[in-house]
Amino acid sequence: MSAGETWMAVRDGLLYCIPANCYIDPHEPVGRAIITHGHADHARSGHGEVFATSETIAIMRTRYYTNDNTQETALNYGERFDLGNGVTLWFASAGHILGSAQAVLEFQGERVVAAGDFKRHPDPTCAPFEVVPCDVFITEATFALPVFQHPPLEREVDKLMRSMATLPDRTHIVGVYALGKCQRVMKTLRLAGYKPPFYIHGALKRLTELYESYGQDFGEWELVSDIPRSKKDYFTGKVVLCPPAQINDRWSRRFANPLPTVASGWMQIRARARQKRAEMALVVSDHADWGDLLRTCEETKAKNIWITHGRVEALEYALKQRGINAKSLDLIGMEEEVGE
Ligand SMILES: [Zn+2]
Ligand SMILES: [Zn+2]
């Protein structure tokens, strides 16, 4: 057996640490769960015990459980915790969204890092990815095809700013995922000098406020629903943010001359942009692209790479060509479209 295989396993389609009797990002309720971050395909409700960063716990509370009896243990990045039976857990930042973490597990001199979702591009709304040398690196593969090379976010935001300058009579409606993408786009627009208030859909409110409670500043923003429907022109020349499904539905008809835009990593694929009926596509991803996936796997110096979800075969093949042991894990419940 190679490193990690005596004490880390896939049980019923879930990633499991045997001596600690603990699952990582389990898709269904379990006794003990380590949660890497708050996106819905990783953070589910109903576990007996949860280990996560305090930000992730706050996100989970906001999204689901009010009447849950889950026992929570919040750990800061780098803080070591004894899970029992000789297993130590600590979190390293993953650079994906606020509070996102790689779960570092140590047992009998071996170290396994389950990265969850991660990215290497800079993000002003969360701590940067930390490379943790390990024996086994467990990685996602959401954008694991050579075609995926994510541009700098500044370039995409600049595209939006130029469009607003050229088409001042349009209302730019930007479809963003509510957790992470929304806040990263707002913050980057501010850093690029965008001054007017943002107008946001109600579905983005609570998580934006949660980011603010952790010290993020997005400047002034208002809820679209607080502006009377009669004021159709009110939003002209401004940025409106909403979930991607709303850019073209009934909700968007309240705006004069809307310009539907989607911010997503998938926007690099033209067919996906067409499918969303977006007039403008911003390539904004919170996942590592092809080059960063390979670079990260190499930087961890791990001799064994286990791949959880996404374009598993392509990454497995490329790693094997580089002489690295790679295998895909058959996990259930990981969705590629969440928070992409
Ligand atoms: Zn995620
Ligand atoms: Zn994910």
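**Reading a parallel sheet and its domain**

Author: In this predicted model, strand S12 (residues 171–175) pairs with strand S15 (residues 239–242) in the parallel sense, over four bridges.

Reader: How do strands of a sheet pair, and which residue stands opposite Val 174 in S15?

Author: In general, strands of a sheet pair through backbone hydrogen bonds, and the sense is either parallel or antiparallel.

Reader: What is the strand order of the open sheet of six strands?

Author: The order reads S14-S13-S15-S12-S16-S17, and the pairing is parallel.

Reader: Which are the edge strands?

Author: An edge strand pairs on one side only; here these are strand S14 (221–223) and strand S17 (280–283).

Reader: By how many degrees are neighbouring strands of this sheet turned against each other on average?

Author: The average is 25°, with direction ignored.

Reader: Which strands does helix H2 lie across?

Author: Helix H2 (residues 153–166) lies across S12, strand S16 (258–264) and S17. Relative to S17, helix H2 runs at about 155°.

Reader: Into which domains is the protein chain divided?

Author: There is domain 1, given as 8–147 + 287–328, and domain 2, given as 153–283. Their centres, taken over C-alpha atoms, are separated by 30 Å.

Reader: How many residues does the contact take from domain 1 and from domain 2?

Author: Domain 1 contributes 15 residues and domain 2 contributes 16 residues. On the side of domain 1 that touches domain 2, seven residues are nonpolar, six are polar and two are charged.

Key. Residues numbered from 1 in each chain as written. Chains lettered and ligands numbered in written order. Predicted model: local features only at pLDDT ≥ 70, side-chain atom pairs only at ≥ 80, totals over all residues. Domains from an automatic or database assignment. Contact = placed C-beta atoms within 7 Å. Nonpolar A, V, L, I, M, F, W, Y, C, P; charged D, E, K, R; others polar. Pairing = 2+ DSSP bridges. Helix = DSSP H or I, 4+ residues; strand = E, 2+ residues; numbered from the N terminus. Axes fitted to C-alpha atoms, helices over the stretch in contact; angles between N-to-C directions.
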